[in-house]
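Hello,

Here is the structure I promised to pass on. Please open it alongside this note.

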Amino acid sequence: MFFKAPEKAKNAAANSAEVTERMVQQQYSVAEQVAASPPVSAETGSCIGSGMWIVGNIECKGQAQVFGRIEGELRGSDLLISDGAQIEGSVVAQNVTVCGRVEGTIRAVRVKLQNGGAVEGDIFHRSLSIDENSQFEGSSRWVENPIDSSSSVDLKGPQEEDMQNPAPTPLPSIDADLRRVERWFAHSCAQMASQPESPAMR
């Protein structure tokens, strides 16, 4: 019994040393990840985490990184829509980098689709670059000031627009036709009532 106690103490000491070493390695790994990611300070940038789902309009004064999901308009100076992020709505900024997914209009001076980013919608820009792994479905247009919404003219030409939305043709007057049918029906009923019954109808 006296000999087992030191053995248990040795095992406990070895286990605690192993646990301590693992904790130090995990802390070192977390510190490496933090050092590798670009710094976002509270004064200069914002971050929307992967666990966040925001419904509404967001305006950021500086840089913003989006890892989560937004339903609404997103505004900022430099926006990074990271891998796994999803935006359903319009995006307005000086610089937009899309590595995630955007369903809506983008208005920015410089737009980059990279690392498998996907955009489904219209892009108004001064500079547009699309990597070969990225996807873009929509229309793009170069404009002098893409951030100004008044410069975002409709991408469809006037002829195409007229073909899609023709002017509605006026409906004929139904009241006059209905009165004509009612008169004809009343006249026909009166004629049938005034005629004597034929032997075939008896």
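This is a predicted model: local features need pLDDT of at least 70, side-chain atom pairs count only at pLDDT 80 or more; totals for chains, interfaces and linings use all residues.

Salt bridges

The structure holds five salt bridges.

Start with Arg69 and Glu88. They form a salt bridge, and their closest N and O atoms are 2.7 Å apart. The pair links distant parts of the chain. Arg69 sits in strand E5 (residues 69-71), while Glu88 sits in strand E7 (residues 86-88). The two are 19 residues apart.

Salt bridges link Arg69, Glu71 and Glu88.

Next, Glu73 and Arg75. This salt bridge has its closest N and O atoms 3.0 Å apart. Glu73 has a relative accessible area of 22% and is therefore partly exposed. Arg75, with 28%, is partly exposed too.

Then there is Arg101 with Glu103. Their side chains meet in a salt bridge, at 3.3 Å from N to O. Arg101 counts as partly exposed because its relative accessibility is 30%. Glu103 has a relative accessible area of 31%, so partly exposed is the label here too.

Gln63

Where is Gln63? Look in strand E4 (residues 63-66). Gln63 has a relative accessible area of 43%, which means it is partly exposed. Now check Ala93. Gln63 and Ala93 are 30 residues apart along the chain. Their C-alpha atoms are separated by 9.7 Å.

Thr97

Thr97 is placed in strand E8 (residues 91-98). Is this residue buried or exposed? Thr97 counts as buried because its relative accessibility is 17%, and the limit for buried is under 20%.

Which residues does Thr97 touch? Leaving aside residues up to four places away in sequence, Thr97 touches the following:

- Leu79, Leu80 and Ile81
- Lys112 and Gln114

When you go through the model, I would begin with the network of Arg69, Glu71 and Glu88. After that, turn to Thr97 and its contacts, Leu79 among them.

Best wishes

Conventions. Residues are numbered from 1 along each chain as its sequence is written. Side-chain values use heavy atoms; hydrogens and water are left out. A salt bridge is a side-chain nitrogen of Lys or Arg within 4 Å of a carboxyl oxygen of Asp or Glu. Helices (H or I, at least four residues) and strands (E, at least two) are DSSP runs, numbered from the N terminus. Buried means under 20% relative accessible area, exposed over 50%, partly exposed in between (1.4 Å probe, protein chains only). Contact means heavy atoms within 4.5 Å.
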